[in-house]
Amino acid sequence: VADSAFYHSSCTSSIAEQEAEDADGQLLAHTSVEHTVNLIHPPSGHIMECLSVAQERPLVVAHSTEGHLLACGTHEGTIWVWDVGAVPSGGPAALRFQVQPAHKTVLRLLFSSDGRWLAAYNEDDTVHLLDMARGQVVYSVAGVPGIFCLAFDRGGDTLITGPGFVR
């Protein structure tokens with residue numbers, strides 16, 4: 001597959017991804033064993049805010065391309081989405097929604113390049129597509145084992161999944 005076919009992808013062989021940096025390097029999201037996602041200012045190392053995921057255990061995080069949205073997937077299968085656009089300038093993060101499309105661990109998360117969609121892959125081998133405007137799952141495909149890669153095409157209209165890496 002040609003590199004030019006993809007605008008944004010998330011490919012990894014590690015289930016334990018725990019950090020995501022926004023596009024301009026001003027905000028690093030890091031999962032914590034204290035049931036939080038810590039928002040860190042990378043140049044200073046200062047924790048700017050701690051986002052609670054109740055009593056759940058955060059596992060994966062993803063920033064939208066423009067950096068205003070942050071998603072977190074938990075071991076319990078919940079996806080939390082915050083607007084973090086104001087955090088680098090000292091403002092608070094705002095919880096947009098949380099949804100639990102499955103009761104199995106969220107292993108992968110990826111925003112489309114325009115921020116309209118969030119793709120999630122769960123331990124139960126299900127891929128979910130969330131509509132960010134409505135805050136809900138609009139499509140699910142079950143029985144898709146071994147997904148290590150999620151990618152959206154340039155227009156953000158097609159989600160590509162695969163067992164390996166997109167090159």
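This is a predicted model: local features need pLDDT of at least 70, side-chain atom pairs count only at pLDDT 80 or more; totals for chains, interfaces and linings use all residues.
As for secondary structure, you'll find 15 strands and 0 helices.

**The big picture**

- Take the contacts with a separation of 6 or more: residues 24 or more positions apart account for 43% of them.
- The protein exposes about 7,800 Å², and 52% of that comes from carbon and sulfur atoms.

**Salt bridges**

- The structure holds 4 salt bridges. Side chains of opposite charge can pair when their charged atoms come close.
- Asp131 forms one of them with Arg134, and the closest N and O atoms are 3.1 Å apart.
- Arg116 has two partners to look at: Asp114, at 2.5 Å from N to O, and Asp157, at 2.6 Å from N to O.
- Arg116 sits in the loop between strand E10 (106-111) and strand E11 (117-122), while Asp157 is in the loop between strand E14 (149-153) and strand E15 (159-162), so this pair ties together parts that are 41 residues apart in sequence.
- Put together, Asp114, Arg116 and Asp157 are linked in a network of salt bridges.
- How exposed are the members of that network? Asp114 is partly exposed at 37% relative accessible area, Arg116 is partly exposed at 35%, and Asp157 is exposed at 59%.

- Strand E6 (58-63) is mostly covered, with 6 of its 6 residues buried.
- E6 runs antiparallel to strand E7 (residues 69-74), and 5 bridges join the two.
- E6 and E7 form a hairpin with 5 residues between them. In the turn, Gly67 has a positive phi of about 85 degrees.

**A stacked pair of tryptophans**

- There is 1 aromatic pair in the structure. Trp80 and Trp82 form that pair, with 6.1 Å from centre to centre and 15 degrees between the planes.
- The pair counts as stacked because the angle of 15 degrees is under 30 degrees.
- Both Trp80 and Trp82 are buried.

- His35 has a positive phi, near 65 degrees, in a residue other than glycine. You'll find His35 in the loop between strand E3 (28-32) and strand E4 (36-41), where it counts as partly exposed at 22% relative accessibility.
- Ala54 also has a positive phi, near 55 degrees. Its place is the loop between strand E5 (46-52) and strand E6 (58-63), and Ala54 is partly exposed, with a relative accessible area of 40%.

- Val138, Tyr139 and Val141 make a nonpolar surface patch of about 250 Å².
- Val138 belongs to strand E13 (residues 136-141) and is partly exposed, with a relative accessible area of 33%.

Terms used:
Residues are numbered from 1 along each chain as its sequence is written. Side-chain values use heavy atoms; hydrogens and water are left out. Helices (H or I, at least four residues) and strands (E, at least two) are DSSP runs, numbered from the N terminus. Contact means heavy atoms within 4.5 Å. Accessible areas come from the Shrake-Rupley method with a 1.4 Å probe; for residues, only the protein chains shown count as cover. Buried means under 20% relative accessible area, exposed over 50%, partly exposed in between (1.4 Å probe, protein chains only). Patches are made of residues with over 30% relative accessible area and no salt bridge: like charges are joined within 9 Å, nonpolar side chains (Val, Leu, Ile, Met, Phe, Trp, Tyr) within 5 Å. A salt bridge is a side-chain nitrogen of Lys or Arg within 4 Å of a carboxyl oxygen of Asp or Glu. Two strands pair if DSSP finds at least two bridges between them. Rings of Phe, Tyr and Trp (its six-membered ring) pair if their centres lie within 6.5 Å; planes under 30 degrees apart count as stacked, over 60 as edge-to-face and the rest as tilted.
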